[in-house]
Amino acid sequence: MEKELARKDSLLFAIAMGTCNLQQLETVLAKDFMLFHDGGYANPTSAQPYEGLVAFIQKTCSNPSVKMRRELVKESVQVFPLGEQEAMQTGVQRFYVRQNGVERQVEESKFSRTWRREGNEWKIARELDYLVNTQFATETRYQPAPYAPVSEMLHNTIARLDSIYFDTYNTCNMEKMASMMSDTLEFYHDRTGLSTSKKDNLASIRKNICGKVTRELVKGSLEVYPIHGYGAVEIGYHRFRNKAEPGASNPSKFIVLWQQQGGEWKITRVVSLH
């Protein structure tokens with residue numbers, strides 16, 4: 001069975017990205033075939049029936065300047081028989097596009113297929129592509145060592161303050177929020193620029209956030225470092241939920257400077273990145 005499914009897998013992509021003999025697809029795909037493509041947390045899953053896949057292949061074949069290639073990670077493939085008439089196949093695949101003589105990777109994903117025996121033929125009835133990655137660095141990116149807090153006590157203090165502040169943000173407790181901001185607050189936003197008015201910042205939150213948007217800290221992303229003689233810097237990722245839109249935003253990075261004066265901590269600088 002494993003060898004036959006591997007042969008059919010190879011035939012499918014030879015047709016789709018090589019011979020373009022669409023009639024042969026009938027020997028690989030069931031007529032009720034459906035492909036589900038995972039869009040991640042921020043995007044919906046898409047569903048593509050037999051006719052949709054055929055149309056996509058026709059479109060690809062009609063453009064000779066663009067060539068696609070699929071690479072199967074052979075050691076990742078597993079086959080699980082489900083009785084005599086069905087089997088489950090899983091593995092990892094990579095897709096590449098060649099245009100103007102340059103090839104680039106456009107996707108890596110896991111796939112899970114349900115194969116069904118129809119007469120003497122094994123055909124794909126369902127496929128789910130998931131854990132989809134479409135972002136690939138052109139060069140090796142520096143990866144720092146795992147974060148370890150310099151001071152557990154300081155880390156926990158700033159984590160608690162972050163929780164308190166964004167509780168005021170989510171519940172519109174403007175008085176408490178204002179008390180946690182320095183009068184010399186500077187807010188740097190990569191899209192809207194610099195704001196140096198605490199009053200304007202509070203007014204903007206009241207107008208654009210209250211009752212409309214809530215914030216969530218991405219678990220495990222928070223880093224805290226001491227700043228000698230001043231306080232601490234907080235770095236992390238968070239996402240936002242707009243009540244008028246489905247789901248949450250993609251995680252974005254933020255940096256907050258906290259100043260300690262006496263027994264009080266106040267936010268003095270914020271950098272918000274998207």
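Guide: Two strands pair if DSSP finds at least two bridges between them. The model here is predicted.

Visitor: Which way do S7 and strand S8 (residues 193-195) run, parallel or antiparallel?

Guide: S7 and S8 are joined by 3 bridges. A hairpin of 3 residues links S7 to S8. Phe187 stands opposite Ser195 in S8. The two strands run antiparallel.

Visitor: How many bridges join strand S7 (residues 181-189) to strand S13 (residues 264-272)?

Guide: S7 and S13 run parallel. Tyr188 stands opposite Val271 in S13. The number of bridges joining S7 to S13 is 5.

Visitor: Which element gives the most residues to the largest nonpolar core?

Guide: This core has 27 residues, and Ile158, Tyr165, Met177, Ile205 and Trp258 touch the most other members. At least two residues each come from helix H3 (152-171), helix H4 (174-179), S7, helix H5 (198-208), strand S11 (231-242), strand S12 (252-261) and S13. The most, 6 residues, come from H3.

Visitor: What does Tyr165 contact, leaving aside its neighbours within four places in sequence?

Guide: Tyr165 is among the residues that touch the most other members of the core. Its contacts beyond those neighbours are Met177, Met180, Met181, Ile205 and Ile267.

Visitor: Within what arc do the buried residues of H2 fall?

Guide: Tyr50, Leu53, Val54, Ile57 and Thr60 are buried in H2. Seen down the axis, they line one face of the helix, because their arc is 125 degrees.

Visitor: How far apart are the end C-alpha atoms of helix H2 (residues 50-61)?

Guide: H2 has 12 residues.

Visitor: Is Lys123 buried or exposed?

Guide: Lys123 is in strand S6 (residues 121-133). A polar atom of its side chain lies 2.9 Å from the backbone oxygen of Glu26. The cut-off for buried is under 20% relative accessible area. Lys123 has 15% relative accessibility, so Lys123 counts as buried.

Notes. Residues are numbered from 1 along each chain as its sequence is written. This is a predicted model: local features need pLDDT of at least 70, side-chain atom pairs count only at pLDDT 80 or more; totals for chains, interfaces and linings use all residues. Side-chain values use heavy atoms; hydrogens and water are left out. Helices (H or I, at least four residues) and strands (E, at least two) are DSSP runs, numbered from the N terminus. Buried means under 20% relative accessible area, exposed over 50%, partly exposed in between (1.4 Å probe, protein chains only). A polar contact is a pair of N or O atoms within 3.5 Å; within protein, one must be able to donate a hydrogen and the other to accept it, and residues adjacent in sequence count only if both atoms are side-chain atoms. A nonpolar core is a set of buried Ala, Val, Leu, Ile, Met, Phe, Trp, Tyr and Cys residues joined through side-chain atoms within 4.5 Å. Contact means heavy atoms within 4.5 Å. The expected span of a helix is 1.5 Å times one less than its number of residues. The arc is that of the directions from the helix axis to the C-beta atoms.
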